[in-house]
Amino acid sequence: MSRRPPRRGQIIVISGPSGSGKTTIVKKLLKRNPDLCRSISATTRKPRPGERDGIDYHFLSREEFERGIESGEFAEWAVYNDNYYGTPKRQLDEALREGRSILLAIEVQGAAQIKKLYPDALLIFILPPSMETLKERLRRRGTSPEEIERRAEIALKEISSIDIYDYAVVNEEGKLEEAVKAVEMIISAQSFKLTPERIKGIKRAWRGDEV
Ligand code: 5GP
């Protein structure tokens, strides 16, 4: 019998306020790690220019989304900025069954639900270096002053929920590569973690070897 535990897929949640650089980090991670796949969320917000249905999001009407909630289709869902966002459960279970790791870029209310449903999920929070940098990044994106203030407030609220996360990575100005490497390091360390399930598997395999 092999002593090597079977390949284990992980659920990796990445959250961070708007302006933390979370989206750029997620894109880089996916590009560099072909083993990772991304969960495609459902949302009721309207597509932005360039976004495609079924690739960036599954764009649903409110009725469709609410039907999905009722029939238990979502592993988690939340209302953010007056729109529904949710992760289809099927994608997660399929990935885990096939031993693939799946990345979820979701906000904090959803992250808390994922942790409850999948206690082994890895939760990583991306922090901007400071409130000033966060505002400056939003300004550079052409965000209006009112919108910047609103997002800054949301960011403070999100950061106050950091307790539920396993790791926090600061995305320093001009040091994107370091932040991506830190996240990669955390993900690979997690695959060596002795979770109850892994402990059981190792003990079973070694006992089997002895007899
Ligand atoms: P945006 O509208 O800018 O694409 O996303 C707004 C926020 O919703 C971001 O923080 C994003 O990470 C989060 N989000 C995207 N998909 C999901 C999801 O399926 N569930 C939850 N809870 N949040 C999501």
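Residues are numbered from 1 along each chain as its sequence is written, and side-chain values use heavy atoms, with hydrogens and water left out. Because the model is predicted, local features need pLDDT of at least 70 and side-chain atom pairs pLDDT 80 or more, whereas totals for chains, interfaces and linings use all residues.

Student: How many residues surround the ligand?
Tutor: A residue is near a molecule if one of its heavy atoms lies within 4 Å of it. The closest are Ser41, Arg45, Tyr57, Tyr85 and Glu107, and the number of residues that surround the ligand is 15.

Student: How far from a nitrogen atom of the ligand is an N or O atom in the side chain of glutamate 107?
Tutor: A polar contact is a pair of N or O atoms within 3.5 Å. The pair formed by the side chain of glutamate 107 and a nitrogen atom of the ligand is separated by 2.6 Å.

Student: What share of the ligand's exposed area does the protein bury?
Tutor: Accessible areas come from the Shrake-Rupley method with a 1.4 Å probe. Taken alone, the ligand exposes 510 Å², and of that the protein buries 88%.

Student: Of the nonpolar, polar and charged residues in the shell around the ligand, how many are charged?
Tutor: Asp, Glu, Lys and Arg count as charged. The shell has 6 nonpolar and 4 polar residues, while its charged residues number 5.

Student: What does the C-alpha trace of the chain span along its principal axes?
Tutor: The chain has 8 helices (DSSP runs of H or I, at least four residues) and 9 strands (E, at least two). Along the principal axes, its C-alpha trace spans about 70 × 40 × 30 Å.

Methods
Polar contact = N/O pair within 3.5 Å; in protein donor to acceptor, adjacent residues only side chain to side chain.
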